[in-house]
Protein chains: 2
Amino acid sequence: MDQEKTSMLLSARRDAGSRSGRRHLLLAAVGLLLTPMLLLATVFSCMGSVSIRPSDLVDQQPTLQVDVTPTDLLAQCDEKFFTQTLDHFDVGAPTYQQRYFVCDRHFRPGGVMFFYVGNEADVELYLNHTGLMWENADEFGATLVFAEHRYFGKSVPFGKNVTKHMQYLSTEQTLADYAVLITHLKEEWQREIPVIGFGGSYGGMLGSWFRMKYPHIIDGVIAGSAPILSFLGDEVPLDKGSFERIVTFDASEEAGSAPNCVPNIRRTWPAMTTLGKTKEGRQQLKEALSLCDSVAVESEEDVEEVMEWAKSAFDYMAMGNYPYPSSYIMNGVSVLPAYPVRVACSYVADEFTEDDEVGLLSAFSKSLGVYYNSTLDQKCYELSASSNESALDSDFWDYIFCSEIYQPQSVEEDSMFWAAPWNYTADYENCQSEWGIEIRPLWATTQYGGRKALKAVSNIIFSNGNYDPWSGTGVLQNFSDSVVALSVEGGAHHLDLMFSNKLDTPSVLAVRETEKKHMHKWAREYYEDKAGIASE
Amino acid sequence: MDQEKTSMLLSARRDAGSRSGRRHLLLAAVGLLLTPMLLLATVFSCMGSVSIRPSDLVDQQPTLQVDVTPTDLLAQCDEKFFTQTLDHFDVGAPTYQQRYFVCDRHFRPGGVMFFYVGNEADVELYLNHTGLMWENADEFGATLVFAEHRYFGKSVPFGKNVTKHMQYLSTEQTLADYAVLITHLKEEWQREIPVIGFGGSYGGMLGSWFRMKYPHIIDGVIAGSAPILSFLGDEVPLDKGSFERIVTFDASEEAGSAPNCVPNIRRTWPAMTTLGKTKEGRQQLKEALSLCDSVAVESEEDVEEVMEWAKSAFDYMAMGNYPYPSSYIMNGVSVLPAYPVRVACSYVADEFTEDDEVGLLSAFSKSLGVYYNSTLDQKCYELSASSNESALDSDFWDYIFCSEIYQPQSVEEDSMFWAAPWNYTADYENCQSEWGIEIRPLWATTQYGGRKALKAVSNIIFSNGNYDPWSGTGVLQNFSDSVVALSVEGGAHHLDLMFSNKLDTPSVLAVRETEKKHMHKWAREYYEDKAGIASE
């Protein structure tokens with residue numbers, strides 16, 4: 001996992017060093033599954049004026065109910081490498097070694113292949129967390145394959161020179177990797193079996209596009225929390241503000257949070273802006289928020305950075321707003337409590353008088369600690385990481401975002417944050433300065449088709465939890481009998497893909513049952529079709 | 001059309017200089033729509049011992065019934081160029097100018113776009129011959145767009161250095177060109193209209209793949225004579241010998257040819273082989289076949305070249321075995337008579353005694369004249385072109401064949417030719433020596449899916465004539481209500497796409513009517529869907 005961590009640290013450094021014009025880009029660019037470590041990495045022990053003690057946190061669920069990954073998963077799998085061409089559409093291109101894991105102990109004749117459509121991280125992360133594959137392996141007689149996305153984990157071409165060869169990092173090449181790998185495995189094993197894909201977040205986007213473009217390779221796909229409707233140029237105008245609207249929903253009474261939470265959080269931003277206008281105010285702000293002494297808050301622009309940092313905590317807690325304590329959003333390094341947004345909100349549940357800005361911010365600081373002090377050992381907050389990572393490492397998710405899947409976002413008045421319109425110019429300039437490439441704002445829709453393509457495909461299950469801020473640009477309605485939207489009430493980012501937990505909601509249990517029915521149907525149809533061919 | 005001709009001349013030169021091991025590759029590599037001029041170009045006036053006079057040809061149909069293209073088609077269109085990226089999957093790639101024609105006089109609101117999915121030639125060829133688009137333009141209120149395939153016609157990147165940049169010539173990039181172009185045109189014109197694709201031969205393959213990969217861009221496709229099942233790795237083993245089996249069928253009594261034709265033609269090959277063993281025999285052969293004095297027939301290998309040349313005439317006549325005189329297979333330069341295979345067979349309708357090899361070959365020579373003397377002014381046959389074309393020109397179809405869509409072929413005992421097994425090694429070595437690239441024998445099926453993909457798509461009409469040798473690897477059965485196979489009885493290579501002719505068979509008229517019904521259905525469904533979105 002070293003490489004991933006390093007990459008994430010670099011992301012953190014970038015974030016910390018960002019200009020305000022870069023904000024929305026970053027939100028989107030790092031907003032998917034790569035994000036968990038992003039801001040966690042910004043927290044380091046240091047001496048500060050306000051200590052945040054573990055005892056400040058509300059009760060967590062008993063440890064037994066944490067989503068502890070079975071520790072022997074990797075031991076059940078073989079790590080393998082496959083020689084892939086870097087450009088499938090140019091026969092003369094160079095090759096690289098793609099990593100994948102095969103976990104074959106549940107397979108039996110008449111079974112299936114469960115294929116994880118790897119996304120933007122070391123594939124071990126998905127191997128260790130995609131409980132839906134593991135828990136159904138026996139029932140389906142499934143061999144499990146976890147394929148790593150090119151340029152991530154151990155599937156990085158060109159070694160240390162990788163950033164000089166970015167042209168091979170694309171979604172189309174990635175999908176072709178998976179098509180070639182599956183074809184190879186079925187041939188190597190001499191198994192004619194159905195293949196069922198699984199992917200979460202960007203992996204769910206890839207999975208649904210995989211089914212769209214290669215229906216002969218993948219028989220059906222479970223796409224968890226895949227925001228495939230987050231692009232310009234679709235037949236229905238894009239709702240750019242849905243992300244923060246849902247983060248706000250998570251902090252609302254309707255989602256189980258304290259009634260005062262949203263109004264209080266909405267007050268923190270003008271409070272910070274007002275304090276930020278004077279040197280004295282900035283010092284008050286710094287102390288109230290428990291920022292470390294070393295954090296420079298010396299201008300209004302610095303205050304904007306602090307606001308962005310604070311807001312990000314809620315973005316990630318909303319994604320990880322699971323019904324039980326989970327380490328997933330924290331990449332296994334630490335644990336968020338059950339329903340972390342509710343926990344964070346509990347610190348700002350009181351009423352604060354109109355002139356008690358410092359009291360409000362001090363309380364808010366504890367809210368932020370749910371995320372930024374998830375390790376429970378921080379005395380104060382640092383905004384930037386001490387950077388010791390290699391200059392050659394890079395944020396490849398950011399490249400994909402810039403080159404192909406640009407997701408415009410805005411913050412609307414209906415959120416609990418400050419309104420910020422979509423700023424294409426800033427996004428464009430950031431991609432130019434970071435990578436020297438031009439955003440193609442319509443490309444994702446030209447290539448993958450948005451809603452119209454969903455009317456032409458089959459066998460994709462889109463699951464979305466209403467606590468997940470990405471669900472606003474996910475598929476929330478059926479497109480046909482086999483392109484189906486499943487709603488996970490009270491679920492956050494692809495909860496249904498996770499290992500079962502005693503605290504799972506009835507909704508996620510029902511969704512998993514429905515998913516299983518579709519998976520059985522896909523497998524059955526495959527074998528019926530095969531029998532039909534044989535009898536011809 | 002100059003470039004295309006030059007390219008074809010080069011193909012001819014290559015063919016003439018081919019080794020026997022290269023035969024099957026060439027058959028396949030030049031066997032699609034690029035082929036017509038290939039061997040025509042090998043015929044040049046020269047002094048020979050046997051003259052083939054026009055009067056030797058049987059009666060042709062009256063000129064009025066020839067498939068004369070309306071002369072003003074180009075005048076109804078605007079020639080345009082669009083800046084395309086050469087690598088759609090690498091945002092930083094260079095660009096080129098793609099040519100397309102827009103013929104807009106029939107468009108009306110509520111209408112459609114008819115889009116020709118350009119294949120391996122100057123797009124003017126398709127503009128001038130795709131009568132199905134022109135003749136339905138008014139009824140559908142259609143604007144006509146003819147898009148040129150990259151690297152062909154005037155859509156050639158890198159100018160004279162093009163052969164040094166072959167990596168951008170691929171089917172995937174070509175399909176992306178079309179997706180981007182259509183998106184651009186609809187945006188530029190501010191027209192939300194359905195798009196119906198048309199393509200013949202390789203264009204039909206591209207068209208069906210386009211619908212498969214971009215169903216949100218193209219609403220339905222008429223794919224005429226598209227041999228999309230001609231690849232290895234499909235769920236049903238490939239019948240590699242179908243091409244020559246159907247050529248043989250065209251020469252049979254069942255297809256209207258003289259009963260003695262097939263047995264006589266079958267005898268010509270051993271006759272040539274026997275004569276080829278001696279110097280005297282080779283001279284007899286040369287005279288009997290009306291080869292020019294300048295043609296070197298000095299070894300058994302030379303005789304093999306002559307046999308290949310003779311066989312090719314039937315391959316092309318079978319493709320052009322239309323019910324009326326047509327210049328299409330001859331690329332507009334000359335005219336083949338109605339049912340050219342029947343005409344060719346009429347010259348070998350007699351019985352020849354067992355020892356009258358020379359008489360048989362002399363008669364056969366006249367059969368060959370239907371194709372090689374279609375200009376009616378040849379005195380003898382030359383096998384090779386005098387080459388004056390630029391060394392920079394090249395056969396790009398051959399590259400596509402080698403790089404992506406390798407179609408294995410064999411000649412089986414059931415043909416009227418000599419049996420020749422599939423020779424992968426020879427094909428592989430040819431692609432290596434010509435382009436330095438490796439054939440990927442399974443790539444087309446991995447990328448485009450063969451039969452299994454056809455079960456997952458919709459809105460493709462596959463038409464095939466039973467006289468067309470490519471029909472053996474076309475789609476001959478329905479895969480669903482909207483992936484439909486239409487049989488053109490007595491039709492050759494995509495007859496249904498051509499302009500109407502008094503001599504059209506009842507079958508082709510019926511097929512065109514069925515195609516129209518599907519086209520209307522696709523357009524109707526588009527507008528119904530659009531109305532549904534608007535009312536939501």
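How many helices and strands does the secondary structure of chain A come to? Select chain A and you'll find 18 helices and 8 strands; helices (H or I, at least four residues) and strands (E, at least two) are DSSP runs, numbered from the N terminus.

Some ground rules: this is a predicted model, where local features need pLDDT of at least 70 and side-chain atom pairs count only at pLDDT 80 or more, while totals for chains, interfaces and linings use all residues. Residues are numbered from 1 along each chain as its sequence is written, chains are lettered from A and ligands numbered from 1 in the order in which they are written, and side-chain values use heavy atoms, with hydrogens and water left out.

**Stop 1: both chains.** Chain B can be laid on chain A with an RMSD of 0.0 Å, using a turn of 180° and a shift of 0.0 Å along the axis (superposed by least squares on the C-alpha atoms of residues with pLDDT of at least 70 in both). The two copies are thus related as by a two-fold rotation axis. To find that axis, pick B:Lys213: of chain B's residues, its C-alpha comes closest, at 2.6 Å.

**Stop 2: A:Ser201.** Back in chain A, look in the loop between β5 (195–200) and α7 (202–213). A:Ser201 has a positive phi of about 60°, although it is not a glycine. Most residues other than glycine have a negative phi. Is A:Ser201 buried or exposed? Its relative accessibility is 0%, so it counts as buried (under 20% relative accessible area; exposed is over 50%, partly exposed in between, with a 1.4 Å probe and protein chains only).

**Stop 3: B:Phe158.** Now jump to the loop between β4 (142–147) and α6 (171–189) of chain B. B:Phe158 also has a positive phi, about 65°, but this residue is partly exposed, at 29%.

**Stop 4: two helices.** Select α11 (300–319) and α13 (357–372) of chain B: their axes come within 9 Å and cross at roughly 55°. The axes are lines fitted to C-alpha atoms over the stretch in contact, and angles run from 0 to 180 degrees between N-to-C directions. Show the side chains where they touch (contact means heavy atoms within 4.5 Å): the residues include B:Trp309 and B:Phe314 of α11(B), and B:Phe364 and B:Leu368 of α13(B).

**Last stop: B:Thr473.** Find this one in the loop between β7 (460–465) and β8 (483–488) of chain B. B:Thr473 is buried, at 8%, and its contacts beyond four places in sequence include B:Pro227, B:Leu238 and B:Asp239.
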